[in-house]
Amino acid sequence: MENFKQMEMKKRIVLKMGGKAAAAQETLIHLIEEMSRLQDRYQFVFVHGGGAEVSRVSRIFGLKPVFRNGIRLTSEAEMEIVDMVLAGKMNKSLVRLFASRGMKAVGISGVDGDLFLASPLEEGSFTGRIRTVNPGLIEVLSAHGYLPVIASVSRDEKGQGMNINADEAALELSRALKADGLLYLSDIPGILKDGSILNTINETEAAREINGGVITGGMVPKVTSSLEAVKGGVGFVTIGEYVCPGDLAALLEGKLGSRIVL
């Protein structure tokens, strides 16, 4: 069992993995190996989605994925596939990879320990928005040196399965934990302006870039919700890309990506 005082000295980082890096086995292995090397300095909480794989399996079963504004509108039939793919296949595959690289990983979902309670995005939808977060199980696992690997599925107040956007799950969890940092890994190197990455951005600058059309589309809600997170106690939020070994340390140190701060 790890010493509790030693655990308290580590910086807690919620890491949400997405994009090509999540699907590319070699890149994913490099990331996990780097997390293993950095675990003496950082206490990681790993959140994953897996929308592309859910869509692939849904089509095998004759279901057509439906999206609105980038959010999957999960049907009752598709919710069964979400559970199988995210909380089953993908979660356990990740746990195996972490374990084989020297990390004590525990695969859970938003249902376990009542981590997330959600409500339907709209009537009859099995896509949910998080209402409450109970981070107790994460605290217990982390305090004993385990790495939580979290699939972004949950339940509503009636016990019905809910599919949660992984970005939202990571954001709300980081707020509940008052994490030292939240790291979004995706297919973009950061927030771009005139071809260059904005290294840091605060609330005033974000408003200016949104109004000026620099920050657009799905990046707008990600930036605005990230600002709410840092105002709520999260140390920083970084949006960036993991390409090769060394990128994780650089992202955590503010040398890569776009860091959203107060």
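## Helix H9 and Ser226

Helices are DSSP runs of at least four residues, numbered from the N terminus. In this predicted model, one such run is helix H9, which spans residues 219-231 and includes Ser226.

Is Ser226 buried or exposed? Its relative accessible area is 0%, and a residue counts as buried under 20%, so Ser226 is buried. Setting aside its neighbours within four places in sequence, Ser226 is in contact with Leu171, Tyr184, Val237 and Ile260.

## The open sheet

Eight strands make up an open sheet with mixed pairing, and their order is E5-E8-E2-E1-E11-E15-E16-E14. The edges are held by strand E5 (105-109) and strand E14 (200-201); each has a single partner strand, so one side of each is left without a neighbour in the sheet. In general, strands of a sheet pair through backbone hydrogen bonds, either parallel or antiparallel.

Both senses of pairing can be found here. E1 and E2 run parallel and are paired over seven bridges, with Arg12 opposite Gln43 in E2. E1 is also parallel to E11, to which five bridges join it; there, Met17 has Leu185 in E11 as its bridge partner. By contrast, strand E15 (residues 237-240) and strand E16 (residues 258-260) pair in the antiparallel sense, over three bridges. Strand E1 is mostly covered, as six of its seven residues are buried.

## Helices against the sheet

Which strands does helix H3 touch? Helix H3 (residues 25-38) packs on the sheet and touches strand E1 (11-17), E2, strand E8 (147-151) and strand E11 (181-185). The direction of H3 makes about 155° with that of E2. Helix H5 lies across E2, E5 and E8, and runs at about 155° to E8.

After H8 comes Gly213, which has a positive phi, near 80°.

## Aromatic pairs

A search of the whole structure finds two aromatic pairs. The rings of Tyr42 and Phe44 have centres 5.9 Å apart and planes at 35°, so this pair is tilted. Tyr42 is buried, at 8% relative accessibility, and Phe44 is buried as well, with a relative accessible area of 4%.

The other pair consists of Phe46 and Phe98, whose ring centres are 5.1 Å apart. Why is this pair called edge-to-face? Planes over 60 degrees apart count as edge-to-face, and the planes of Phe46 and Phe98 stand at 75°. Phe46 belongs to strand E2 (residues 42-48) and Phe98 to helix H5 (residues 76-100), so the pair ties together parts that are 52 residues apart in sequence. Phe46 counts as buried, at 0% relative accessibility, and Phe98 is likewise buried at 0%.

## Charges over rings

Charged side chains also lie over aromatic rings. Lys104 is placed over the face of Tyr146, at 4.4 Å from the ring centre. The charged end of Arg259 sits over the ring of Phe236, 3.6 Å from the centre of that ring.

Notes:
Residues numbered from 1 in each chain as written. Predicted model: local features only at pLDDT ≥ 70, side-chain atom pairs only at ≥ 80, totals over all residues. Heavy atoms only, no water. Phe/Tyr/Trp six-rings, centres within 6.5 Å; stacked < 30°, edge-to-face > 60°. Buried < 20%, exposed > 50% of the residue type's maximum accessible area, 1.4 Å probe, protein only. Helix = DSSP H or I, 4+ residues; strand = E, 2+ residues; numbered from the N terminus. Lys NZ or Arg CZ within 6 Å of the ring centre and 35° of its normal. Pairing = 2+ DSSP bridges. Contact = heavy atoms within 4.5 Å. Axes fitted to C-alpha atoms, helices over the stretch in contact; angles between N-to-C directions.
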